[in-house]
Amino acid sequence: MLRLVLALAMGLGVSAQAQDLRLYTLGSGDVSGSYYAAATALCDATNRVERGHLRCSPEATPGSIYNLSALRNGQLDFALVQSDVQHMAMTADGPFKTAPPFNDLRSVTSLYPEALTILARPGARILSLKGLLGKRVDIGLPASGRQATALRLFDALGYDRNDFMALLELSAGSGLDELCAGRIDAMVLITGHPNAGVARAISECDARLVTVSGPDIRAFLEANPDYVYASIPRGLYGKKGRAMTFAVMATLVTRADMDDDIVGALVRNTLDNLLVVGISAPVLDALSPNAMRSTGLSAPMHPAAQIAFDQYNPQ
């Protein structure tokens, strides 16, 4: 009888703990990319502190466009998205032209710059953006932010699909494999640096970082202030010099109805563990609390995120 009572008590205890634990999801990107690494680091920071109360699950997804649609539909609780794609969702532009503005979108934090990164196989003789014409180029999955950015850029420059031998729609991992196999000539990435996939392509198949600059790019950036000038230090990959390009910001967003305590815990635990987060995901190793609360954020800040930033007091 005593054993039965103890078993029931233990069962009730486990049930109560299970009821207390709240799960939430964070949409990221391809498992080989920076978004998934960043999402895992952010989730781990909160999961360590809030063990038994909150559990964050990083979800691999096709990318920014998918993330925003899934967030709007309630399939995701948080999402990593490019700042330009965040702006498009707020203004019903680009891939969101057929949908109403995402007025319930709320910013949680800005994270790190993501550079437009063009990798080319050495034999393709691609030295500039114009060198992509007539080539086989991967621009990412249809639901990815990198495809949205690539097509926005190509449209601004007057390029269309007929100007390329082929525009492929591959995941980042598959694109890197195809590049090293010589089956495509180049791929367009939007990523933070250093990036493990870029490093692998450069070391294993001598892929080249292509400079993106010139009068056309200056005009594009002047017309689209959600982009900024940037450069990729080739020294990160054992090479010399820098590849000039432009960048967006990786941002974390949610909906207006997301629970204040979950949003607050995610921001607070990230700020309190910046060093650990940066070690877990190298793209996050230079986070600045001041920049995190403003840079590249088109959507209004979630009130709980704002409070967490206001109360942050670094030791």
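## Aromatic pairs

Let's start with a cluster: Phe-154, Tyr-159 and Phe-164 are linked by ring pairs. Rings of Phe, Tyr and Trp (its six-membered ring) count as a pair when their centres lie within 6.5 Å; planes under 30 degrees apart are called stacked, over 60 edge-to-face, and the rest tilted. Before going on, a word on the ground rules. This is a predicted model, in which local features need pLDDT of at least 70 and side-chain atom pairs count only at pLDDT 80 or more, while totals for chains, interfaces and linings use all residues. Residues are numbered from 1 along each chain as its sequence is written, and side-chain values use heavy atoms, with hydrogens and water left out.

How many aromatic pairs does a search of the whole structure find? It turns up seven. One of them is tilted, because the rings of Phe-220 and Phe-246 have planes at 50°, with their centres 5.5 Å apart. Phe-220 sits in helix α8 (residues 215-223) and Phe-246 in strand β10 (residues 242-255), so this pair ties together parts that are 26 residues apart in sequence. Helices (H or I, at least four residues) and strands (E, at least two) are DSSP runs, numbered from the N terminus. Buried here means under 20% relative accessible area, exposed means over 50%, and partly exposed is in between (1.4 Å probe, protein chains only).

Phe-246 also pairs with Tyr-227; the ring centres are 5.3 Å apart and the planes are at 65°, so this one is edge-to-face. Tyr-227 belongs to the loop between α8 and β9 (228-233), 19 residues from Phe-246 in β10. Tyr-227 counts as buried too, at 4% relative accessibility.

## A charge over a ring

Arg-72 lies over the face of Phe-102, 4.6 Å from the ring centre. For that label, NZ of Lys or CZ of Arg has to be within 6 Å of the ring centre and within 35 degrees of the ring normal.

## Disulfides

There are two disulfides in the structure, a disulfide being a pair of cysteine sulfur atoms within 2.5 Å. Counting bonded cysteines along the chain, the pattern is 1-2, 3-4.

Cys-43 and Cys-56 form a disulfide with sulfur atoms 1.9 Å apart. Cys-43 lies in helix α2 (residues 34-49) and Cys-56 in strand β2 (residues 54-59), so the bond ties together parts 13 residues apart in sequence. Cys-43 is buried at 1% relative accessible area, and Cys-56 is buried at 2%.

Cys-180 is joined to Cys-205 by a disulfide, S to S 2.1 Å. The torsion about this S-S bond is about -50°, so the disulfide is left-handed. The pair links distant parts of the chain, with Cys-180 in helix α6 (residues 172-181) and Cys-205 in helix α7 (residues 196-205), 25 residues apart. Cys-180 is partly exposed at 28% relative accessible area, whereas Cys-205 counts as buried at 17%.

## The two sides of helix α12

Which residues are buried in helix α12 (residues 303-311)? They are Ala-304, Ala-305, Ala-308 and Phe-309. Looking down the axis of α12, these fall within an arc of 140°, so they line one face of the helix; the arc is that of the directions from the helix axis to the C-beta atoms.

The face turned away from the buried side carries the exposed residues Pro-303, Asp-310 and Gln-311. What covers the buried residues of α12 includes β4 (105-120), α9 (260-271) and α11 (289-292), where contact means heavy atoms within 4.5 Å.
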